[in-house]
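Biologist: I am new to this structure and would be grateful for a close look at a single part of it. Please begin with the chain as a whole and then turn to the side that meets its partner.

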Amino acid sequence: MKSWLTTTDHKRIGLLYFFTAFAFFLIGGIEALVIRAQLAQPNGHLVTAETYNQLFTMHGTTMVFLALMPLSASFFNYIVPLQIGARDVAFPRLNAFSYWVFLLGGLFLNASWFVGPLFHAGVLNVAPDGGWFGYANLTERQFSPGPNIDFWLLGLQILGISSLAAGFNFIVTILNLRAPGMRMMRVPAFTWMTLVTQFLVITAFPVITVALAFLMFDRFFGTHFYVSQAGATPILWQHLFWLFGHPEVYILILPAMGIVSEVLPTFARKPLFGYTVVVYSGILIGFMGWGVWSHHMFSVGLGPIADSVFSATTMLIAVPTGVKIFNWIATLWGGDIRGTTALHFAVGFIAMFIIGGLSGVTHASPPADLQQTDTYYVVAHIHYVLFGGTIMGLFAGIYYWWPKMTGRLLSEALGKWHFWLQFVGMNLAFFPMHLIGLLGMPRRIYTYSPELGVSDLNLLSTIGAFLIALSILVFVVNIVRTRRRGQRAGNDPWGGATLEWSISSPPPVYNFSVIPTVANRLPRWKTEHHEPMRDPPGTPPAPIHVPGGSWWPMLAALGLPILALAPLTHTLWIAFVGVAVLLAGIYLWAFEPFDV
Amino acid sequence: MTTHGTHTSLGLDSRKMAFWAFIGSECLLFTSLISTYLVYKGRSVVGPYPHEILNIPFTSVSTFDLLMSSLMMVLALAAVQRGDMKWGKIWLFCTALLGLVFLGGQVIEFTEFVHKGLTLQTNLFGCTFFVLTGTHGAHVTVGVLWLLTLWVRALQGKLTSANAMTVEITGLYWHFVDVVWIVIFTVVYLIQ
């Protein structure tokens, strides 16, 4: 127990990230099921409008910040140091700090479901209810007087610190801790996409930090950043939020693209087609992701010039994305394909992401977008991208790397059940939403009338959602069953080309008994140009120093939610306690002897 | 303190690289704040307005003080690097002291503004001015705490030329905060 609480081992932190994020994924999923149950029939009355607002807000916020980002982070943690031949990340204690801040921020946000009585309201009354995008001035104190939005903005500020700390850590890890010979253009595609993602994190998160700080000042200290009577423009929030929000979309999808770029070559037994182009496309997407944010704001009426520019950049960003898709297809072409579950999910990712990408291109045209804005069409798009794309990609990674992380193979039979149920379920759930939206059903409204003519399509969508839930249940059964009865994986169950497969599963605490020297991009494969590398010996030839654990990252992390309680409860002394805990954690951390 | 000096792929100290990444991130933070100040410039519906209240001579002295603190920081690092801890201690303390003088100036300035009727809630100028310069002041405060910590470590004999990298990184932070002030001084005070 203590060894897990104080751990600074990237592998353990990776597992902590996985199980915590998966728990939040289930919570966000349950919220989605209640939403779908409410919408199964017209004039539904399972939940009230107020509860419904909280459900869709918390579903979106949870899935983006507490499920998808940290599930990606679990692979950054576990896999990246292994892929570059390192013994740990550059700053192991900072890594632990990121995890604890994430956990505490997630708990802070979700506590809002239950603590209503402390704010003289009922349970299920004070959870955030302003949408995951929190548009000002709806989120101002005048229009949202309760503590709901306070939970949201303070929770997101806490989570931002976790992401930023991890961002600095992984940039340095990838740039500076590569094994000898691993030049940048020999770095595996997943690690490359991680690097691009982290650059997006450290540049995008400060912007939302400022946007949230303005909202915080408006709500707690009576400033007027988003108050139109004082001459301010609420559009400021939209600009700042989407300046963060669009890079955020790529923060969510690039890691999944990286995973697919690892899974496809392994199961086609072919090198990634156009590795260089895939890497450069990823970098290009990272840059271009900064130039498209106003396509979320066409309905604001920014004028024909702004609309044209952002329309053009949005269509342009589809080009590097399309390039990647053709590279993945070309990787499969003529390959010696093994139809494992991981490959099913990777191919499912490509197919679903194409649909999501195409509906995205339709948003790029302002006249079409005006018709689609705030309808279920947009909900269909985002779910094809983030569920069909990111979740499918993450599951490809889970089936691919689970044996490395636990030493046992997940059941392929159950895996196929999981895949097909999820694949059919998601198309049933999300495809009808395109039609529901085009027929005029607005999103974020708790019910609809039978005259709208979308009742059957909504029922279909709800059935799909419950099929997805069933598929997740199959997955849970699979991991529980695998824990005891799973087939032993050995070092390399798939014949992978990258360094993580050269060591035992799960790897020893020091990862590599001898740090490998890398001579090419596919070190463990025999190609016409080179022989495979020799795997490191099973036992280290010399003792390896492994840093011990530390309590202080967790202590420092604990200061942040305490600090956030001060504005929430309007109590000044709590702020001093929070700062004191934070400072104590930082000083004890800084002066603790800790050799890496 | 940790040691990261052994072998790195790019030959650059890992802590220093992380700090450069941090500074890059901070640039976006201040860019957002300064942009907001510029977007809302001239949009206040009630006074006091900037030209009625900003005291350029006073703030010029503060700015000069902060610039001099950067010079002290350079001298402190040079002293620590050549192993001259006597002067290292003196310059570290001077840097922190000039930082404190700057913060004192900010306290005087803010108090005067409040007396003249400009608070956080008065108008958009008040909101954007206090949050922008306040965020910068918070950064200076963190820097002063950091410098004083190093100074105390040096007095205890625990900061030696072996820790020159720690002082160098502190310097990176300090110079960055200084550069940000130059931008704020120009944008807010000089170009009205």
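Modeller: Of the 192 residues in chain B, 35% are buried, where buried denotes 20 or more other C-beta atoms within 10 Å of a residue's own, exposed 12 or fewer, and partly exposed a count in between, with C-beta atoms placed from the backbone. This is a predicted model, in which local features need pLDDT of at least 70 and side-chain atom pairs count only at pLDDT 80 or more, while totals for chains, interfaces and linings use all residues. Residues are numbered from 1 along each chain as its sequence is written, and chains are lettered from A and ligands numbered from 1 in the order in which they are written.

Chain B contains 6 helices and 0 strands; helices are DSSP runs of H or I with at least four residues, strands are runs of E with at least two, and both are numbered from the N terminus. Its C-alpha atoms occupy a box of roughly 60 × 35 × 25 Å along the principal axes.

Turning to the partner, 31 residues of chain B are in contact with 31 residues of chain A, a contact being two C-beta atoms, placed from the backbone, within 7 Å. On the side of chain B that touches chain A, two or more residues come from each of helix H1 (14-39) and helix H5 (124-155) of chain B. The greatest share is that of H1(B), with 13 residues.

Helix H1 of chain B also holds Ser35(B). Ser35(B) is partly exposed because 17 other C-beta atoms lie within 10 Å. Between the C-alpha atoms of Ser35(B) and Thr128(B), 93 residues apart along the chain, the separation is 9.9 Å.
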